[in-house]
Amino acid sequence: MKIAIASGKGGTGKTFVSTNLFAVAEKEARNVTLVDCDAEEPNVTVFIDGNTISTDIINQHLPVIDKEACVYCGKCRDWCNYNAIICLPENKQIYLIEDLCHDCGACLAACQYNAINEIEKRLGTVTVKQYSDTARIIEARADIGVYSPVQVIKATLNKADNAELILMDSPPGISCPFIAAVVPADYVVLVTEPTPFGLNDLKLSVETLEELEKPFGVVVNRAGLGDDRVYDWLEEKQIPLLMKIPFDKKIAKIYSQSQLLVQEDPIYEARFLELLKTIQGSCKP
Amino acid sequence: MQTINEISILSGKGGTGKTSIAAALATLEKNTVAADCDVDAANLYLILHPNDYRTEKYISGHKAVINYDLCTQCGLCKDHCRFNAIERKPDPDYAEGKISIVETSCDGCWLCSRICPVNAIDMVPSDKSNWFLGNYRYGKMVHARLAPGEENSGKLVSVVREQSRQTADECGAKNIIIDGPPGTGCAAIASLTGANKVVVVTEPTGTGLHDMKRILDLAGRFQVKRYVIINKSDLNTEIRDNICSWCEKEGIPVIGNLPFDPRMVHSMVACKSIQEWAPDSEISASIHKINELLTQS
């Protein structure tokens with residue numbers, strides 16, 4: 001079973017919920033893998049770490065134009081939908097803007113003169129860590145300066161196929177990195193906070209998940225901090241409210257110290273275990 | 001033409017207070033231009049509630065659509081697609097499965113449509129995203145809404161940036177306040193390029209520190225002055241001190257230490273900036289000082 005933990009707004013508590021869920025599942029001796037899909041800002045290992053089993057480098061292809069063979073016809077430029085190739089036939093100049101290349105292979109297919117070869121460019125890493133006998137962490141980490149983390153996220157998800165329970169800590173937003181992480185999920189837990197920003201972004205996430213036809217429920221973090229509009233909206237839309245985590249400086253402090261709430265407070269250990277069971281119950285057809 | 005001061009507010013980690021601080025900086029002086037570059041999850045409009053007088057469509061890209069009247073099921077498109085966006089979907093009428101587009105995987109590169117021997121693939125524009133220009137109580141605001149699941153948020157950010165520069169030029173505004181997205185990817189990069197100053201809003205948590213370093217590393221690769229604001233700074237004084245000493249070592253000025261104050265949340269609920277809601281608060285006093293620092297040079 002694959003469960004994605006996501007939210008439109010950043011900083012609502014995705015990593016907080018996923019690391020605590022992971023810890024209770026692990027304590028139950030479940031075969032569990034936590035995948036950190038937030039490749040732009042991977043944070044899971046700030047809280048929990050393990051022995052590194054493997055680190056793979058994720059590459060993309062980059063075209064290299066052979067200027068001996070090139071006739072400057074410009075077809076590769078015309079086929080490149082990302083404007084990554086600049087070709088000036090009068091001056092016999094052709095070059096690539098690396099950052100714009102999406103590795104689609106169109107230039108390669110366009111060239112009739114065998115003037116384009118490919119090399120590899122590093123995008124980031126996928127690291128697998130053993131946390132305990134039955135539990136693993138897999139981290140997607142994009143290199144700084146990389147435009148799109150999507151290929152790194154996809155490669156990371158491919159590594160996580162065999163666990164019985166897979167938790168995916170997803171990137172914020174509603175665009176391509178978020179989609180890449182939630183598409184393989186059987187169920188999505190949306191984490192929000194009871195503020196106008198939280199509600200606004202929750203609505204965007206819900207709209208996206210409805211379009212993808214994914215089952216989902218909501219965890220409200222920092223309950224008591226803002227207002228009640230989120231609860232009214234959830235009720236009106238008949239969206240299941242899975243859990244309310246109160247706003248509490250003690251919890252914030254534990255989080256700030258990179259510790260897990262369920263390991264510090266047995267009441268929350270029980271509550272997160274209950275959350276895990278609720279999610280699994282909602283998953284079954 | 002006078003030079004425009006573009007101040008970009010970023011954080012790496014989400015939820016550290018970018019938008020609250022951007023809203024505060026955008027409600028101090030008349031004739032300011034505010035640009036919301038978090039096009040995925042735009043929130044600044046909730047505080048500034050602009051009166052939009054211009055709405056434009058943004059074509060974020062194209063998606064492949066198969067015309068089954070022409071398709072011969074040859075599979076050449078599937079062999080060429082590097083995004084695994086074409087599959088043979090199980091279908092009672094097709095023994096090998098029916099050639100189909102996986103819309104969420106399609107990158108819109110056009111290759112399939114260009115190589116299809118029978119021209120059976122059309123590229124349909126994704127035009128559900130918009131950008132807006134409006135007036136708010138301190139000036140003009142440019143913002144956008146990316147349709148769910150669409151690509152190229154970085155390109156839309158560039159459109160918002162370009163439009164805000166044009167607007168600032170037209171109305172003689174000195175400062176553009178850019179509310180940036182979380183992360184370090186294309187949208188964050190597009191929010192940085194060409195800005196004069198980057199303000200990284202962080203919080204004293206293990207993850208706040210980790211992500212602050214990544215976004216400052218990114219910003220360091222551009223010609224841009226870097227500053228740090230520590231929000232909710234009393235949450236963990238030990239990590240706050242770590243952040244300060246790390247920034248000192250790197251030569252990055254920490255220009256604000258804002259304590260946790262529930263009035264920050266109350267102001268958001270009331271759709272106001274912090275100094276509009278609580279002008280006498282310590283945070284409001286800090287915001288004035290931060291603004292002086294950012295706008296004087």
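1. In this predicted model, strand β12 (residues 225-230) of chain B pairs with β13(B) in the parallel sense, through three bridges. Within that pairing, B:I230 has B:N257 of β13(B) as its bridge partner.

2. These two strands belong to an open sheet of chain B, which is built from nine strands with mixed pairing. The strand order is β3-β8-β9-β2-β10-β1-β11-β12-β13. At the edges stand β3 (51-58) and β13 (254-257) of chain B, each of which pairs on one side only. From one strand to the next, the twist averages 20 degrees.

3. Chain B is assigned two domains: domain 1 (5-58 + 129-296) and domain 2 (61-126). Taken over C-alpha atoms, the centres of domain 1 of chain B and domain 2 of chain B are separated by 41 Å. Contact between them involves five residues of domain 1 of chain B and five residues of domain 2 of chain B. On the side of domain 1 of chain B that touches domain 2 of chain B, there are one nonpolar, two polar and two charged residues.

4. For chain A, the assignment gives domain 1 (2-58 + 123-283) and domain 2 (67-114). The centres of domain 1 of chain A and domain 2 of chain A, taken over C-alpha atoms, lie 41 Å apart.

5. Chain A also has an open sheet of nine strands with mixed pairing, in the order β3-β6-β7-β2-β8-β1-β9-β10-β11. Its edge strands are β3 (51-65) and β11 of chain A, and each pairs on one side only. Direction ignored, neighbouring strands of this sheet are turned by 20 degrees against each other on average.

6. Within the sheet of chain A, strand β9 (residues 187-192) of chain A runs parallel to β10(A), to which five bridges join it. Here A:V191 stands opposite A:V219 of β10(A). Helix α5 (residues 150-158) of chain A packs on the sheet and touches β2 (32-36), β3, β6 (116-130) and β7 (135-142) of chain A. The direction of α5(A) makes about 50 degrees with that of β6(A). Helix α11 (residues 266-283) of chain A also packs on the sheet, touching β1 (2-6), β9, β10 and β11 of chain A. The direction of α11(A) makes about 160 degrees with that of β11(A).

7. Strand β10 (residues 216-223) of chain A is joined by five bridges to strand β11 (residues 241-246) of chain A, and the two run parallel. The bridge partner of A:A223 is A:P246 in β11(A). Between β10(A) and β11(A) the chain passes through helix α8 (residues 229-237) of chain A, in a right-handed β-α-β crossover.

8. The axes of α7(A) and α8(A) are 9 Å apart, and the helices pack at an angle of about 25 degrees; α7(A) and α8(A) are therefore roughly parallel to each other. In this contact, A:G198, A:L199 and A:L202 of α7(A) meet A:R229, A:V230 and A:W233 of α8(A). By class, the residues of the contact are four nonpolar, one polar and one charged.

9. Helix α1 (residues 14-27) of chain A packs against α11(A) at an angle of about 90 degrees, with the axes 9 Å apart; α1(A) and α11(A) are therefore roughly perpendicular to each other. The contact is made by A:N20, A:L21, A:V24 and A:A25 of α1(A), together with A:E269, A:F272, A:L273, A:L275 and A:L276 of α11(A). Its residues divide into seven nonpolar, one polar and one charged.

10. The contact between the chains takes 50 residues from chain A and 50 residues from chain B. On the side of chain A that touches chain B, α4 (106-110), α6 (176-182), α7 (196-212) and α9 (249-256) of chain A each supply at least two residues. The helix α7(A) gives the most to this side, with eight residues. By class, the side of chain A that touches chain B has 21 nonpolar, 20 polar and nine charged residues.

Technical notes
Residues are numbered from 1 along each chain as its sequence is written. Chains are lettered from A and ligands numbered from 1 in the order in which they are written. This is a predicted model: local features need pLDDT of at least 70, side-chain atom pairs count only at pLDDT 80 or more; totals for chains, interfaces and linings use all residues. Two residues are in contact if their C-beta atoms, placed from the backbone, lie within 7 Å. Helices (H or I, at least four residues) and strands (E, at least two) are DSSP runs, numbered from the N terminus. Ala, Val, Leu, Ile, Met, Phe, Trp, Tyr, Cys and Pro count as nonpolar, Asp, Glu, Lys and Arg as charged, and the others, Gly among them, as polar. Domain bounds come from an automatic or database domain assignment. Two strands pair if DSSP finds at least two bridges between them. A crossover is right-handed if, with the strands pointing away from the viewer, the path from the first strand over the helix to the second runs clockwise. Axes are lines fitted to C-alpha atoms, for helices over the stretch in contact, and angles run from 0 to 180 degrees between N-to-C directions. Angles under 35 degrees count as roughly parallel, over 145 as roughly antiparallel, 65 to 115 as roughly perpendicular and the rest as oblique.
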